[in-house]
Amino acid sequence: MLFPALLLLALSSVLGSKECPHHCLCYEHSDLVDCRARGFLQVPHGLSHGTWLLDLGGNLLMEVRSRAFAGLWSLRVLVLSDSGIQLLQPEAFYSLSFLEKLDMSRNKLRRLPLDFSHSLSSVRELRLDHNTLEWLEVSSLEHLESLEKLDLSHNLITFLQPGAFRGLSRLRHLYLHANQLGAVRHGSLSMLPVLEALQLGQNNITHIDTEALAPLHSLTLLGLEGNQLQHLKFKTFLSLHTAGTHLQLAGNPWNCDCDLHRVFSKLLSVRHLHVDDYHNVTCHEPLQLAGASLAWVDNQLCMAETATVLVITVTVLVTVLAAVVMAEHTRKKNQHGGKSWDAESQTQER
């Protein structure tokens with residue numbers, strides 16, 4: 001009984017080795033395949049149909065050809081990071097309907113093909129960070145219906161189209177920091193009902209539409225640090241109807257005036273909004289307050305403005321009062337002059 005068992009084990013090892021691509025390491029009967037940094041110029045042939053994890057990171061792929069992973073129905077994790085990938089051919093991920101994690105970080109992708117997500121309906125985590133993506137086509141992501149985590153950080157994205165994340169109804173974490181976004185527009189974050197974390201730090205954002213954040217009913221973290229915001233509208237955050245949202249707002253070139261003080265005072269008073277880095281929010285303008293903490297100068301801002309208003313008000317009142325006095329004086333003078341003229345006329349008549 002022992003000999004047949006040993007023979008079967010040896011046979012399975014041989015079969016496993018035959019199904020393992022040359023230069024790769026295969027574990028547990030080829031379910032885990034390590035082809036990392038082996039100098040591959042294309043996806044290797046001879047991969048077992050039972051492969052569960054495939055690591056092709058650190059190679060020289062340049063592109064992923066059409067149906068490069070055909071037949072790998074069991075694949076759950078695919079790593080293609082740091083492989084110099086510039087182009088994805090149509091149907092590049094054909095037959096990967098059960099893939100759950102795809103890592104394409106640190107490549108040179110400038111755009112995603114229109115059919116990028118067609119075979120990726122089971123993917124729960126997608127990494128596209130540290131590429132050179134400039135924009136997102138609406139149809140490129142719309143079939144990622146199981147996606148929970150999307151990392152698009154450290155790209156060159158300048159604009160989000162309305163409905164850019166259409167179809168991502170299960171998305172919980174969206175990382176867009178370190179891009180080149182200039183604004184957050186109404187409709188660009190629609191149809192994300194369960195989104196919990198939105199990282200928009202280190203962009204060039206100068207403006208947020210009043211209703212841009214309204215669809216995010218589950219948002220618990222909003223990162224806006226390190227942008228180009230000078231002012232905020234309280235209504236923008238009041239539209240967040242959540243149980244509790246933490247805001248990160250430091251590192252912006254704030255123009256510290258009484259209006260900004262009022263906005264932050266309101267934000268701090270709303271029970272479900274929490275400005276985590278309030279004490280790190282510093283002024284950029286006016287020059288005399290540059291580098292000062294808003295928390296330290298906020299009360300003084302409105303005091304100075306109130307004093308200015310009072311000075312202006314007093315000046316106006318004094319001017320009006322002087323005008324009234326002068327008018328009254330002129331009126332009396334004219335009346336006195338009129339009486340003198342009448343008396344002189346009567347004297348001449350006599």
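Arg127 is partly exposed, with a relative accessible area of 27%, where buried means under 20%, exposed over 50% and partly exposed in between (1.4 Å probe, protein chains only). The side chain of Arg127 meets that of Asp129 in a salt bridge (2.9 Å, N to O), and Asp129 is buried at 2%. This is a predicted model, in which local features need pLDDT of at least 70 and side-chain atom pairs count only at pLDDT 80 or more, while totals for chains, interfaces and linings use all residues. Residues are numbered from 1 along each chain as its sequence is written, and side-chain values use heavy atoms, with hydrogens and water left out.

**Salt bridges**

- The whole structure holds 13 salt bridges, each defined as a side-chain nitrogen of Lys or Arg within 4 Å of a carboxyl oxygen of Asp or Glu.
- Asp209 and Arg185 form a salt bridge through their side chains (3.3 Å, N to O). The two residues are 24 residues apart, Asp209 in the loop between β13 (207–208) and β14 (221–223) and Arg185 in the loop between β11 (183–184) and β12 (197–199).
- Asp209 counts as buried at 18% relative accessibility, whereas Arg185 counts as partly exposed at 39%.
- A network of salt bridges links Arg124, Glu148, Arg172 and Glu196.

**Sheet**

- An open sheet of 12 strands with mixed pairing runs in the order β1-β2-β3-β5-β7-β8-β9-β10-β12-β14-β15-β17; strands are DSSP runs of E, at least two residues, and helices are runs of H or I, at least four, numbered from the N terminus. Two strands pair if DSSP finds at least two bridges between them.
- The edge strands, each pairing on one side only, are β1 (25–27) and β17 (273–275).
- Strands β2 (residues 32–34) and β3 (residues 53–55) run parallel and are joined by 3 bridges.
- Asp34 stands opposite Asp55 in β3, and the side chain of Asp55 also meets that of Arg36 in a salt bridge (3.5 Å, N to O).
- Asp55 is buried at 17%, while Arg36 is partly exposed at 33%.

**Nonpolar core**

- The largest nonpolar core has 84 residues, of which Phe69, Leu80, Phe93, Phe165 and Leu174 touch the most other members. Such a core is a set of buried Ala, Val, Leu, Ile, Met, Phe, Trp, Tyr and Cys residues joined through side-chain atoms within 4.5 Å.
- Helix α4 gives the most to this core, with 4 residues.
- Beyond four places in sequence, Phe165 touches residues including Leu136, Leu174 and Met191, contact being heavy atoms within 4.5 Å.
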